Amino acid sequence: MAFSFATDIRPLFRDEDIECMTPIGIALDDPAWMCVPENAQSVYGVVADGSMPPGEPWSADRVSLFKSWMDAGCPA
Ligand code: HEM
């Protein structure tokens, strides 16, 4: 399966996720930031350990989708 940020990953983030994170430099809606593997890895770390989004951890399926996109090389 082919992955893309626009199709598969961007829809995982809610408006409130973007509003909370953009001011502290984590640009969840910006492929130029998210498609840098180190940045994607930092996002993966917090969704995989359930610390983000606060109090509303992602399902295993969502975490797995994000990981598959990373394993594909974080395509835009
Ligand atoms: C899927 C959604 C979200 C992702 C991927 C995400 C990602 C991250 C990442 C990567 C960090 C840095 C952690 C570190 O440096 O150890 C962080 C910190 C933070 N996030 Fe989020 N975030 C999300 C949603 C939210 C929401 C909705 C809020 C506000 C209600 C929020 C508030 C914060 C705050 C205040 C910090 C800095 C303090 C801390 O580390 O707890 N985040 N987030």
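Here are a few friendly notes on this predicted model and its ligand.

1. Before you start: residues are numbered from 1 along each chain as its sequence is written, and side-chain values use heavy atoms, with hydrogens and water left out. Because the model is predicted, local features need pLDDT of at least 70 and side-chain atom pairs count only at pLDDT 80 or more, while totals for chains, interfaces and linings use all residues.

2. Look at the iron atom of the ligand. Met21 and Met52 coordinate it through their SD atoms, at 2.3 to 2.4 Å (donors are N, O and S atoms within 2.8 Å of the metal, or 3.2 Å for Na, K and Ca). Met21 belongs to helix H2 and Met52 to the loop between H4 and helix H5 (60–71), so the pair ties together parts 31 residues apart in sequence (helices are DSSP runs of H or I with at least four residues).

3. Are these two methionines buried or exposed? Met21 counts as buried, at 15% relative accessibility, whereas Met52 counts as partly exposed, at 31% (buried means under 20% relative accessible area, exposed over 50%, partly exposed in between, with a 1.4 Å probe and protein chains only).

4. Two backbone details deserve a look. A cis peptide bond, with omega about -10°, joins Met52 and Pro53. Cys74, in the segment after H5, has a positive phi of about 55° although it is not a glycine. Most residues other than glycine have a negative phi, and most peptide bonds are trans.

Terms used: Helix = DSSP H or I, 4+ residues; strand = E, 2+ residues; numbered from the N terminus.
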